[in-house]
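Please look over the structure shown below before reading on.

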Amino acid sequence: MTQPLIERYRSVLPVTGSTPVVSLGEGSTPLLRASRLSERWGCELWLKWEGANPTGSYKDRGMTVAVSKAVEEGAEAVICASTGNTAASAAAYAARAGLPALVLVPEGAVAGAKLAQTRMLGARVLEVRGSFDEALQAARELAERGSHVLVNSLNPYRVAGQKTAVFEIVEELGEAPDAFVLPYGGGGNTTAYATA
């Protein structure tokens, strides 16, 4: 297993010496040169393969920090709303930490494989009649009661962990690239990259 992401970037993450490290070996993902695309577009293009993270998603970078801080702060459980990847990541890291995980998903909007992965990891999955936004609102309301920690990208610790991809890219290239291009989704990753 590679060095835990929290240990590797401890100096730039919101952790202390008493923060327990809940890790599954996230980070240190390959940076691959896209030679054909580089040739086609006349520039150097590199792809960060975040699918190499433990649950197959960049969300593991943030989840290691969010769940580690939840344990440090005495959380009884974690909660999230998800359409797939956040659910799997939250379930995996909660299981690693020995915490229950509650996942709220929009009814009929999540791929069966992601639901199976989430349930296999021990999370309790509840379907919400409504959109992702309604599921997120319900998760936020439950988190506000105090026993569950919200681990969606509204959690600042999660955003802090996700920015570590920027550090890895700069380290591997030896300098900052001219641009980072990434999908927007809910904006959590864009926010994370912007804070790096």
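## The largest pocket

Five elements, β2 (46–48), α4 (85–97), α6 (132–144), α8 and α9, each supply at least two residues of the lining of the largest pocket. The model is predicted. The pocket has a volume of about 1,200 Å³.

- Of the 41 residues that line the largest pocket, Val181, Leu182, Pro183, Asn189 and Tyr193 are the closest to its centre.
- The lining divides into 22 nonpolar, 12 polar and 7 charged residues.

## Salt bridges

- The count comes to 9 salt bridges.
- One of them joins the side chains of Glu171 and Arg8, at 2.7 Å from N to O. This pair links distant parts of the chain, with Glu171 in helix α8 and Arg8 in helix α1, 163 residues apart.
- Glu171 is partly exposed, with a relative accessible area of 45%, and Arg8 is partly exposed at 32%.
- Lys48 and Glu172 also meet through their side chains in a salt bridge, at 3.4 Å from N to O. Lys48 lies in strand β2 and Glu172 in helix α8, so the pair ties together parts that are 124 residues apart in sequence.
- Lys48 has a relative accessible area of 17%, which is under the 20% cut-off, so Lys48 is buried. Glu172, at 46%, is partly exposed.
- A network of salt bridges links Arg8, Lys48, Glu50, Arg61, Glu168, Glu171 and Glu172.
- Glu44 forms a salt bridge with Arg33, and their closest N and O atoms are 2.8 Å apart. Glu44 is in the loop between α2 (35–41) and β2, and Arg33 is in strand β1, so the pair ties together parts 11 residues apart in sequence.

## Aromatic pairs

- A search of the whole structure finds 2 aromatic pairs.
- The ring centres of Tyr9 and Phe167 are 5.5 Å apart and the planes are at 40 degrees, so this pair is tilted. Tyr9 lies in the loop between α1 (5–8) and β1 (31–33) and Phe167 in helix α8 (residues 164–173), so parts 158 residues apart in sequence are tied together.
- Tyr9 counts as buried, at 6% relative accessibility.
- Phe180 and Tyr193 form an edge-to-face pair, 5.5 Å centre to centre with 85 degrees between the planes. Phe180 lies in the loop between α8 and α9 (188–195) and Tyr193 in helix α9, so the pair ties together parts 13 residues apart in sequence.
- Phe180 is partly exposed at 34% relative accessibility, while Tyr193 is buried at 16%.

## Cysteines

- The count of disulfides comes to 0.
- Cys43 is partly exposed at 35% relative accessibility, whereas Cys80 is buried at 1%.

How values were computed: Residues are numbered from 1 along each chain as its sequence is written. This is a predicted model: local features need pLDDT of at least 70, side-chain atom pairs count only at pLDDT 80 or more; totals for chains, interfaces and linings use all residues. Side-chain values use heavy atoms; hydrogens and water are left out. Rings of Phe, Tyr and Trp (its six-membered ring) pair if their centres lie within 6.5 Å; planes under 30 degrees apart count as stacked, over 60 as edge-to-face and the rest as tilted. Helices (H or I, at least four residues) and strands (E, at least two) are DSSP runs, numbered from the N terminus. Buried means under 20% relative accessible area, exposed over 50%, partly exposed in between (1.4 Å probe, protein chains only). A disulfide is a pair of cysteine sulfur atoms within 2.5 Å. On a 1 Å grid over the protein atoms alone, a cavity is a set of points where a 1.4 Å probe fits but cannot get out, and a pocket is an open set with protein on both sides within 12 Å along at least five of seven lines; lining residues have an atom within 4 Å of a point. Grid points are joined across faces, edges and corners, and a volume is the space filled by probe spheres set on the points. Ala, Val, Leu, Ile, Met, Phe, Trp, Tyr, Cys and Pro count as nonpolar, Asp, Glu, Lys and Arg as charged, and the others, Gly among them, as polar. A salt bridge is a side-chain nitrogen of Lys or Arg within 4 Å of a carboxyl oxygen of Asp or Glu.
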